[in-house]
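Please read the following with the sequence and the coordinates side by side.

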Amino acid sequence: MTEKKLRVKWQACLNKYGLIEFSVGLLWFAVSSLILVWPRLSELDWTAALALVIFNGVFLFLMLSYVLGGSSRSQLPTKRVLILLAIASCLVMLISGHVSRFNPFYTPITAGALIFSIVYNNRISCSIYLSMYLSFILSLKSANPFFYFTVFAANSLFTIQRAGRLAERNSLASSSLLSALGSIVTLCLLYLIYNWFDLARIYLDASAILIASIISVVAVIGLLPYLEDIFLIVTPTKLLELASPNSTLLKRLSMEAPGTYHHSLIVANLAEAATEAIGGNALLARVGAYYHDIGKIKRPLFFIENQSSFNNPHDQLNPRMSSMIIMAHTKEGVELGREYRLPRAILNIIEQHHGNSLMSYFLRTFQEANAKAPESEKTAVNEDDFRYSGPKPQTREAAVIMLADSCEAAVRSLEKPTPSKINTMVGRIIKEKMDSGQLEDSALTFQEITRIRGSFQHTINNMFHNRIKYNDKSAN
Ligand SMILES: [Fe+2]
Ligand SMILES: [Fe+2]
């Protein structure tokens with residue numbers, strides 16, 4: 001390969017991943033290589049150094065290409081998250097370098113696994129990859145790599161399996177204690193398999209595992225509020241904080257765009273129940289729905305739910321201008337969310353909740369006005385001018401919010417809603433979204449879509465049923 005080609009490839013890589021990602025990768029590489037050869041650093045000759053570079057380089061590359069990859073931009077870790085992952089991994093490796101002389105099981109591998117599961121609560125396989133890489137590197141320098149790798153890997157897998165989605169303070173604590181227990185059982189089994197059963201040795205190793213797990217969980221729980229704020233990661237505690245009606249942005253929404261606030265509460269009820277039905281992150285769906293239309297704060301009166309019956313500013317605007325104003329609420333929502341330091345998962349929902357759907361009402365109005373206009377004033381109709389800029393929902397939670405949003409708006413427009421009218425409308429809206437390809441990046445299956453439809457129909461019918469009963473009572 002010529003030098004020019006290499007330079008072009010290097011530039012393409014830089015453009016794709018960026019300088020920070022490269023620096024973080026390099027730091028990772030340096031620390032993990034150092035850990036591998038630390039006790040014998042002075043004896044390292046150039047062949048051993050070359051072998052180390054190739055060996056560690058290949059494994060790190062395989063791990064990073066998976067962790068940095070993803071089917072879409074929103075699945076890529078942000079620079080902040082990447083820095084957090086690198087700091088956490090390097091710290092675990094460095095601490096391990098120090099404590100290994102007493103007992104390698106003092107390594108806080110649980111802390112690494114906990115942070116990976118908090119960061120990657122939607123992609124459990126990424127947490128597993130990262131933990132396996134750490135376990136692999138940490139065990140290689142020991143006299144019996146397979147033995148240590150198995151215990152480290154068991155510890156990480158137990159932690160990730162339990163901490164996976166929840167990552168609440170209590171579940172973090174219970175998951176790390178369970179992982180300590182799992183690792184101790186694995187340790188005993190390995191001692192039995194190898195016929196080394198020695199109670200004193202097991203006691204020492206088991207205590208080291210327990211102490212490391214307890215210190216890990218205390219450290220992670222103590223650092224969590226800072227991690228949430230500095231690295232903008234989303235945890236249930238952060239979500240509960242954002243869900244409070246007293247949060248500044250929600251308060252602004254309720255004061256400045258009360259119609260949108262009310263709409264968001266209903267969308268949240270629909271989305272939470274439907275996400276629960278498909279086993280997704282229901283709390284993320286609820287909070288995402290609260291904030292999905294936050295961009296409407298900028299120009300609330302341009303949105304139907306905030307208009308009084310005799311004042312519609314769109315009457316004075318041409319349809320193209322109207323559609324531009326309405327479309328802008330997703331981008332403006334993201335900007336406002338950034339200003340208020342919302343986590344990336346919520347910003348993604350705000351950005352994706354309309355996908356690249358077509359605003360058919362304004363397109364039709366524009367086409368009709370264009371058809372009536374004199375020949376000299378006619379303009380070309382470009383359908384893409386009436387489309388949201390996307391991207392399409394990239395997660396199941398974002399897709400459920402898109403569907404809940406559209407169904408809520410459609411059902412609100414029904415005159416004298418009856419259960420059969422509601423069920424037909426919900427079915428129609430979901431089918432339209434599927435047919436226009438809005439759900440294709442969201443990983444929702446047909447079975448899950450059926451469950452979502454059932455959940456929406458159930459929730460909406462219940463809402464109307466209660467409203468009718470309430471009205472009857474008040475009439476009496
Ligand atoms: Fe919206
Ligand atoms: Fe909405």
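In which helix is the place of tyrosine 133? Tyrosine 133 sits in helix 5, residues 124-140, where helices (H or I, at least four residues) and strands (E, at least two) are DSSP runs numbered from the N terminus. This is a predicted model, in which local features need pLDDT of at least 70, side-chain atom pairs count only at pLDDT 80 or more, and totals for chains, interfaces and linings use all residues. Residues are numbered from 1 along each chain as its sequence is written, while chains are lettered from A and ligands numbered from 1 in the order in which they are written.

Tyrosine 133 counts as buried because it has 21 C-beta neighbours inside 10 Å; a residue is buried if 20 or more other C-beta atoms lie within 10 Å of its own, exposed if 12 or fewer, and partly exposed in between, with C-beta atoms placed from the backbone. Leaving aside neighbours within four places in sequence, tyrosine 133 is in contact with Phe59 and Met63, a contact being a pair of residues whose C-beta atoms, placed from the backbone, lie within 7 Å. The C-alpha atoms of tyrosine 133 and alanine 153, which are 20 residues apart in sequence, are 9.3 Å apart in space. Phenylalanine 61 belongs to helix 2, residues 46-68, and is exposed, because 12 other C-beta atoms lie within 10 Å. The C-alpha atom of phenylalanine 61 is separated by 8.7 Å from that of glycine 25, 36 residues apart along the chain.

For the protein as a whole, the secondary structure comes to 18 helices and zero strands, and buried residues make up 39% of the 476 residues. Among contacts between residues at least 6 apart in sequence, 75% join residues at least 24 apart.

The interior can be described through its nonpolar cores, each a set of buried Ala, Val, Leu, Ile, Met, Phe, Trp, Tyr and Cys residues joined through C-beta atoms within 7 Å. The largest core has 99 residues, and the members that touch the most others are Ile115, Leu270, Ala271, Ala274, Val400, Ile401 and Ala404. This core draws at least three residues from each of domain 1 (12-231) and domain 2 (236-475), with bounds that come from an automatic or database domain assignment. Beyond residues up to four places away in sequence, isoleucine 401 touches Val267, Ala271, Ala285, Gly288, Ala289, His292, Ile349 and His353. A second, separate core of seven residues includes Ile326, Met327, Phe366 and Phe386.

Helix 16 (residues 396-412) has 14 of its 17 residues buried, so it is largely enclosed by the rest of the structure.

Helix 17 has Ile422, Met425, Val426, Ile429 and Lys433 as its buried residues. Seen down the axis of helix 17, these buried residues fall within an arc of 100 degrees, so they line one face of the helix; the arc is that of the directions from the helix axis to the C-beta atoms. The face turned away from the buried side carries the exposed residues Ser420, Arg428, Lys431 and Asp435.

Backbone angles complete the picture. Most residues other than glycine have a negative phi.

Definitions and conventions:
Contact = placed C-beta atoms within 7 Å.
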